[in-house]
Amino acid sequence: MDYTIFYKVKYETLDHFILDNDNYWDIFISAYNDSERVKKVLEQVHAEKKHWLIMPEYDYDPNELPNNGQIYSYPNLKRENNFIQEYFNNIKIDLNQLQVCIDITGFMRNHLIYFIRYLVSKKIKKIDAIYSEPTTYKAKEDTAFSVEDSFIEVKQIAGCGGSYSTDTSKDILIIGSGYDHELIKYVADSKERTEKIQVFGFPSLQPDMYQENLLRASKAEDELDGTKHYKDYFAPAYDPFVTASVLQEIAADNSPYTNLYLSPLSTKAQTLGFVLYYVWECIDKPISIIFPICEKYKRETSIGISKIWKYSIELP
Amino acid sequence: MIKETNPFNIVKSDDFTNDEINKYWVDILSKDKKGFIELINPSSPMPMILLGGKGSGKSHIMRYFSYELQKIRKKNNVSDVLADNYLGIYIKCAGLNPTRFYSKEEADQEWINVFVYYFEIWLAQILVDILIDIFNDYETIKNNEKQILQHIIKLFGNIIHLSDNELTFDSLKKCLISIQKNIDFSINNYGFTNKLNNIKIEVSSKELIFGIPKLLSKYIKDFKNIQFVYLLDEFENLYEWQQQYINTLIRERELPVTFKIGVRLYGMKTYKTFSGGEENKEGSEYEAFYLDEYYRNNKQDYSKMLKQLCVTRLIQEEFITEKPDSKNLSKELKKYFERFKLEKLLKKISTKYSHRERPYLKKLIKKLEGTKHNEQIIKNLAIEDDILLEKTNIFLLYRDLKKNKDPLLSSNSIKLELKNYQKNQMTGSAQKKVLDKFKTDIVAQLHLETSEKINYEGIDLFIKMSSGIPRVFLNILKNIFRWSSFNGEDPFKSGKISLEAQRKGVMKTADWFFNDAQMAGKKGKIVKDAVTNLGTFLRTLRVADTVTECSISSFSINTAELSEEIVEIIDSCELYSLILKVSKRLDKNTKRIDPIYQLNGILVPKWDISLNRRGVVKLNKDDVEFIFNPDQKDQFQSYLNSVKNKYNIKINDETNTKKKSNQYALFNNEL
């Protein structure tokens with residue numbers, strides 16, 4: 001699969017994004033949180049219908065919810081598949097007939113991954129996605145995204161499993177390493193006997209974020225270290241298509257492997273890249289996407305809106 | 001320049017290939033010549049649960065007993081492998097990816113059935129892989145392949161059909177893979193359909209896991225005396241209901257099959273079974289082996305094993321060429337490390353404070369401010385050219401002041417005792433008694449009060465710090481090697497590894513251990529905070545003016561008077577190897593037996609606590625509450641202040657004047 005054929009557009013500001021006449025959709029779907037880059041985009045975007053998905057992990061009270069879009073909130077549906085399925089059951093729309101865009105910025109990664117996987121299972125072929133970069137993260141290299149001590153377990157994302165080999169002698173774990181070093185540790189610990197490979201976001205969203213990322217990821221060093229074939233890879237933090245290509249390259253470099261585990265813990269854009277690689281190349285193989293499930297996430301971790309990216313996603 | 005090859009870089013069994021497990025293997029040889037083969041006893045039909053902290057070596061040992069390692073040891077001679085009288089079938093529970101089988105919570109019967117079926121097919125595949133290898137390598141057995149497969153196929157009912165030409169274990173393996181793929185597909189599809197479609201369970205529980213070994217034993221004479229040992233590692237990765245199923249297999253096991261389970265201390269979620277809700281009992285359905293506890297209770301054997309391990313690594317990476325004689329092992333390894341010399345420290349402090357007041361003396365002077373005869377008191381105690389004795393004198397003074405003795409009289413008496421000590425150190429002078437008992441604490445206080453870092457050096461200390469967890473020992477050496485190289489030293493090749501590199505390596509390992517031993521979620525934070533509080537509390541006692549017990553690192557608790565929540569927190573601290581239950585103590589008044597705990601040795605440097613286990617502090621209910629109860633978090637500092645007040649000396653001149661006048665009166669009368 002050649003991911004370079006996928007189309008993406010960069011907008012330097014929100015205004016540029018809004019003023020582009022191509023940016024009009026029948027449905028615009030976003031996951032609500034307190035970030036300016038999430039709220040402002042939905043507020044200003046041109047769309048017939050605007051849907052707010054209220055992720056349970058943000059733990060919003062009903063009186064905290066926005067009133068500028070249709071609310072889809074299922075606080076008791078903790079599992080990503082139950083949540084997304086309920087949303088689609090409620091909207092009852094054939095997405096193949098409409099122009100749809102999702103803002104992946106505020107999505108929980110596991111929900112985002114399942115969302116795309118679900119679209120594939122329903123034979124949806126195309127969707128647009130946008131991602132807004134922050135100007136900076138609030139606490140710089142100390143920014144935490146998941147709420148401290150809310151980790152539950154490392155789990156395979158629903159629908160993103162593989163057909164596993166009983167031979168585990170050359171299992172590989174590819175981690176998209178972000179700021180949440182504790183989550184990296186949990187994932188690495190759950191797959192102890194794997195060769196661990198990290199994919200760092202480089203170029204990063206902002207120049208200083210690469211160093212911040214490395215500083216944080218280094219705290220998981222002991223879980224990742226000691227492995228003889230340990231090697232770092234790099235993919236732009238904002239580019240899902242290059243990320244998917246890099247994953248393809250890693251798999252080829254380390255072939256033959258026995259089982260391959262993917263765990264995207266970095267930007268949503270890279271997460272999108274992980275799931276694109278999975279749906280295009282990994283279904284029914286000994287490859288799966290695993291993720292450290294947390295009970296709660298912080299509602300606001302960033303400041304400002306920097307660039308906005310629009311990705312034209314095509315699905316198998 | 002940082003040396004590229006660190007002989008201790010690999011600290012996890014997972015990072016070793018099978019050949020490397022064999023190459024680096026070091027056995028434990030006890031006084032009665034018991035090695036791991038006798039301890040684990042793989043050919044015994046009795047199931048075993050091998051429990052140990054993270055890094056205690058469970059996986060390493062279990063892999064050692066796997067078929068793959070048996071074959072390497074027997075130089076690929078299958079007949080010799082079978083002469084072991086057991087076949088080790090190694091399975092990592094994480095490989096099953098057990099979390100995709102619904103959820104943590106109690107699964108419904110449909111999911112249980114799917115898991116049981118999957119487990120059957122999974123284990124059968126791993127066993128069949130071994131049989132493929134055996135049958136291909138062993139001509140005599142190869143002739144029986146078709147015959148045995150005819151029997152094995154019958155276990156599958158009608159789902160497997162193999163023609164005469166296809167009656168090979170290779171073909172059977174392909175069928176099993178196909179069955180497994182179908183189940184994987186259905187489980188994955190559940191994510192979209194919420195239904196487990198297309199899984200028809202054709203083989204019932206135990207049919208293959210016990211059935212295949214039974215057939216082999218019955219029909220092929222080479223297998224007649226073979227114990228088929230399923231080595232189930234990483235058991236903690238299974239949900240409780242999944243463990244319950246395997247407990248059932250253990251309970252209902254059939255010869256020639258047995259199980260050895262490898263699990264972390266906190267990992268056994270249940271001993272219940274699906275056999276009418278019965279629970280497996282130690283000594284009846286299984287035997288338990290606590291690995292790190294065994295190491296701690298067999299210190300000499302453990303020490304020898306780790307020293308051998310160190311030497312093996314050095315030889316393999318060509319740092320040394322010859323294995324030292326076992327009698328000289330300690331001596332040989334000691335020479336690589338710089339030793340701490342007390343005289344050097346004392347000289348350093350002396351030089352450092354040659355033009356200013358030594359801090360502990362300054363502290364005393366401040367306490368004595370406004371007290372009568374304070375200059376004389378200081379004069380009685382100060383010894384310019386012997387800092388250790390000077391500190392000891394102050395220690396003695398504080399002890400007397402705690403008993404409300406007059407400071408001047410006390411210092412006079414101490415001065416007199418000092419003269420006796422200086423004449424003949426073998427006399428029972430006060431200084432000698434204190435130094436015999438509290439020297440380590442006094443030296444530690446000297447370090448801390450003069451801003452000198454406490455040293456942690458020498459292989460024996462590292463072994464002791466590891467507290468029965470070999471990975472801790474390896475991590476210490478790994479980190480020391482790194483620091484030593486970074487400092488421009490040539491570790492294990494020339495010169496000695498400096499005290500600084502040793503200390504930094506130990507500190508890094510302490511931080512790693514503390515961060516690595518983590519429970520998930522809120523409980524993890526509660527446990528960590530509790531241990532931090534405990535460490536801080538023990539440190540406070542150690543650096544206090546009046547140290548009550550020497551080398552305090554242990555504490556006893558009356559668990560009967562504690563709430564369930566607190567007991568659970570303490571248990572969690574133990575299950576995550578942050579504290580260790582080391583002994584019991586009989587309460588003389590109540591005759592009650594209280595457990596004694598100690599902070600894990602590797603955590604000692606985090607709070608400058610003693611590694612030696614001599615003094616035991618008895619924690620009362622309030623102490624336990626403030627230390628372990630998260631609801632008391634905001635009160636902990638106040639509590640700590642009260643502890644400091646209790647054990648630190650404040651000299652109140654008014655009070656002492658009254659007492660002094662009484663004492664003087666007495667003194668004068670006596671005169």
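Is Ser186(B) buried or exposed, judged by its relative accessibility? At 2% relative accessibility, Ser186(B) counts as buried, where buried means under 20% relative accessible area, exposed means over 50%, and partly exposed covers what is in between, with a 1.4 Å probe and protein chains only.

Before I go on, let me say that this is a predicted model, in which local features need pLDDT of at least 70 and side-chain atom pairs count only at pLDDT 80 or more, while totals for chains, interfaces and linings use all residues. Residues are numbered from 1 along each chain as its sequence is written, chains are lettered from A and ligands numbered from 1 in the order in which they are written, and side-chain values use heavy atoms, with hydrogens and water left out.

Let me stay with Ser186(B) for a moment. This serine lies in helix α9 of chain B, and here helices (H or I, at least four residues) and strands (E, at least two) are DSSP runs, numbered from the N terminus. Leaving aside residues up to four places away in sequence, Ser186(B) touches Lys195(B), Leu196(B), Asn197(B), Asn198(B) and Ile199(B), a contact being heavy atoms within 4.5 Å. Val443(B), by contrast, is 257 residues away from Ser186(B) in sequence and 66 Å away in space, C-alpha to C-alpha.

Now to the helices of chain B. Helix α6(B), residues 109-137, and helix α10(B), residues 211-219, pack at an angle of about 25° with their axes 11 Å apart; the axes are lines fitted to C-alpha atoms, for helices over the stretch in contact, and the angles run from 0 to 180 degrees between N-to-C directions. The two helices α6(B) and α10(B) are therefore roughly parallel to each other, since angles under 35 degrees count as roughly parallel, over 145 as roughly antiparallel, 65 to 115 as roughly perpendicular and the rest as oblique. On the side of α6(B) the contact is made by Ala124(B), Leu127(B), Leu131(B) and Phe135(B), and on the side of α10(B) by Ile212(B), Pro213(B) and Leu216(B). Sorted by kind, the residues of this contact are seven nonpolar, no polar and no charged, with Ala, Val, Leu, Ile, Met, Phe, Trp, Tyr, Cys and Pro counted as nonpolar, Asp, Glu, Lys and Arg as charged, and the others, Gly among them, as polar.

Another helix, α13(B), runs over residues 299-316, and its 18 residues reach 26 Å from the first C-alpha to the last, close to the 26 Å expected at 1.5 Å a residue; the expected span is 1.5 Å times one less than the number of residues. This helix is mostly covered, with 13 of its 18 residues buried, and just after α13(B), Glu318(B) takes a positive phi of about 60°.

That brings me to the backbone. Most residues other than glycine have a negative phi, and most peptide bonds are trans. Asn85(B), in the loop between α5 and β2 of chain B, has a positive phi near 70° and is partly exposed, at 37% relative accessible area. Asn194(B), in the loop between α9 and α10 of chain B, has a positive phi near 60°, and at 36% relative accessibility counts as partly exposed. As for cis peptide bonds, one joins Ser255(A) to Pro256(A), with omega near -5°, and one joins Leu255(B) and Pro256(B), with omega about 10°.

Lastly, the aromatic rings, of which the structure holds 62 pairs over all chains; rings of Phe, Tyr and Trp (its six-membered ring) pair if their centres lie within 6.5 Å, and planes under 30 degrees apart count as stacked, over 60 as edge-to-face and the rest as tilted. Tyr3(A) and Phe6(A) form a stacked pair, 6.0 Å centre to centre with 20° between the planes. The rings of Phe65(B) and Tyr86(B) have their centres 6.3 Å apart and their planes at 70°, so this pair is edge-to-face, and both residues are buried.
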